[in-house]
Amino acid sequence: MSSVLIVGAGSMGLTTGYHLQLAGANVTFLVRPHHTELSRPQLLYLLNDNTVKKYTGYKYITDPAKIADSHYDYVVITLDAANLESETGTKLTKTLGQGVSKDTKIILGTVGLGTRPWFLKTSGLAPDRVTNGALGVLAYSPKEAKLTVHGKVDEEALNNSDQAFVYRSPNSFVVDDIAPQVAKGFSQLYDRNGISKCLVKPAEEYAASYDAFPIVLATLGLLSWPRFEEIDVKSDLWKLTTTALKEATELDIHGESGKELASKITEKSLLEMYLTSQKASLPLDTVDFDRYHHGGKVNKQNRGLLRRIIEEGDREGKDLAAVKKLNLLVNQEK
């Protein structure tokens, strides 16, 4: 039986742990000492069918030093970039690097350009042990945010749940293949949950998709998080966004996959992509979710990742004029 340590017990941590436990893994969470709610079963509300999943049987630890006391086949890191690279996160990363077993593999669920190189350097772990990962469902805590859910819902059950989530596709988790054996092993484990799958994407394609996401989110914030149907594809801001997205996607680090993806981006296709995502996320209201999650919870991360795109462009000798202009507008909005 596989043993998995999950760093963090927020939306990504709990939903990932739930699926891994269904897959037969022994799951342990590493959380801060004040995270006492893990001492009781966690209630997960599935918005697709209005059912409550009672999540029990996991373990949790609060002291990073105890990582060395157990063997883990995988460690899944669910912290956002701002928290991972903070002083506390840096210390934790070093402890992980020193404390995990020699055959432990890492799923780095911290998205954004430059995160994996930072993690490798800070942890001292070999590149073939660390692959990137991302949550494929939308999840949030109903106790922290009252988001719009369309259609019928059991309000009492939802409000009493620790997390609510919605499946948007057959894949509830995604990893890249930058560390092929890690990706293959983890996806095979995850797929045993019997409900949803872990998609393995080529590393360049994964990076091109996830590295550039702060660009569109920056624009949505500037527009005060509108419904996608309200966006004018002919507006100067949307044209700027499309150009910026193409610039970021075409960076050399994204290889041919990035160039191919960029060639397909137009003002209309970009909007259609988000309209499709909005529909797939029902009954959860995507606009409400983005406003809460990206406009507040991980806003600091997203602003930092936008600056990293510009820094990478400078390293590659590319101007990225549209990205810089968008970043200037974001900073003026502070």
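Trainee: Quick one: which is the crossing of H13 and H14, left-handed or right-handed?

Mentor: The crossing of H13 and H14 is left-handed. That label applies if the near helix is turned anticlockwise from the far one by less than a right angle; clockwise would be right-handed. Bear in mind that this is a predicted model, where local features need pLDDT of at least 70, side-chain atom pairs count only at pLDDT 80 or more, and totals for chains, interfaces and linings use all residues. Residues are numbered from 1 along each chain as its sequence is written, and side-chain values use heavy atoms, with hydrogens and water left out.

Trainee: At what angle do the axes of H13 and H14 cross?

Mentor: Roughly 150 degrees, and the axes come within 10 Å. H13 covers residues 299-315 and H14 covers residues 321-333. Helices (H or I, at least four residues) and strands (E, at least two) are DSSP runs, numbered from the N terminus. Axes are lines fitted to C-alpha atoms, for helices over the stretch in contact, and angles run from 0 to 180 degrees between N-to-C directions. H13 and H14 are therefore roughly antiparallel. The classes are: under 35 degrees roughly parallel, over 145 roughly antiparallel, 65 to 115 roughly perpendicular, the rest oblique.

Trainee: Which residues of H13 and H14 make the contact?

Mentor: On H13, Arg303, Leu306, Arg307, Ile309, Ile310 and Asp314. On H14, Val323, Lys324, Asn327, Val330 and Asn331. Contact means heavy atoms within 4.5 Å.

Trainee: And how far apart are the axes of H8 and H9?

Mentor: The axes of H8 (residues 213-222) and H9 (residues 236-249) are 9 Å apart, at an angle of about 160 degrees. So H8 and H9 are roughly antiparallel too. H8 passes H9 in a right-handed crossing. The contact includes Ile215 and Val216 of H8, with Leu237 and Trp238 among the residues of H9.

Trainee: Switching to sheets. What is the order of the eight strands in the open sheet?

Mentor: E5-E2-E1-E6-E7-E8-E11-E12, with mixed pairing. Two strands pair if DSSP finds at least two bridges between them. E5 (59-61) and E12 (197-201) stand at the edges with a single partner strand each, so one side of each has no neighbour in the sheet. Neighbouring strands are turned by 25 degrees on average, direction ignored.

Trainee: In which sense do E7 and E8 pair, parallel or antiparallel?

Mentor: Parallel, over three bridges. E7 is residues 105-108 and E8 is residues 130-135. Leu108 stands opposite Asn132 in E8.

Trainee: Which helix lies across E8, E11 and E12?

Mentor: H7, residues 203-211, running at about 115 degrees to E11 (171-176).

Trainee: What about the open sheet of four strands, what order does it have?

Mentor: E4-E3-E10-E9, again with mixed pairing. E4 (51-55) and E9 (138-140) are the edge strands. E3 (residues 42-46) and E4 run antiparallel, joined by five bridges. Gln42 stands opposite Tyr55 in E4. H1 (residues 11-22) lies across E3, E4, E9 and E10 (163-166), at about 80 degrees to E4.

Trainee: Last one: does Thr78 count as buried or exposed?

Mentor: Buried, because its relative accessibility is 15%. The cut-offs are under 20% relative accessible area for buried, over 50% for exposed, and partly exposed in between (1.4 Å probe, protein chains only). Thr78 lies in the loop between E6 (74-77) and H2 (81-84).

Trainee: Which residues is Thr78 in contact with?

Mentor: Leaving aside neighbours within four places in sequence, Ile6, Val7, Gly8, Met12 and Gly13. A polar atom of the Thr78 side chain lies 2.6 Å from the backbone oxygen of Val7.

Key: A polar contact is a pair of N or O atoms within 3.5 Å; within protein, one must be able to donate a hydrogen and the other to accept it, and residues adjacent in sequence count only if both atoms are side-chain atoms.
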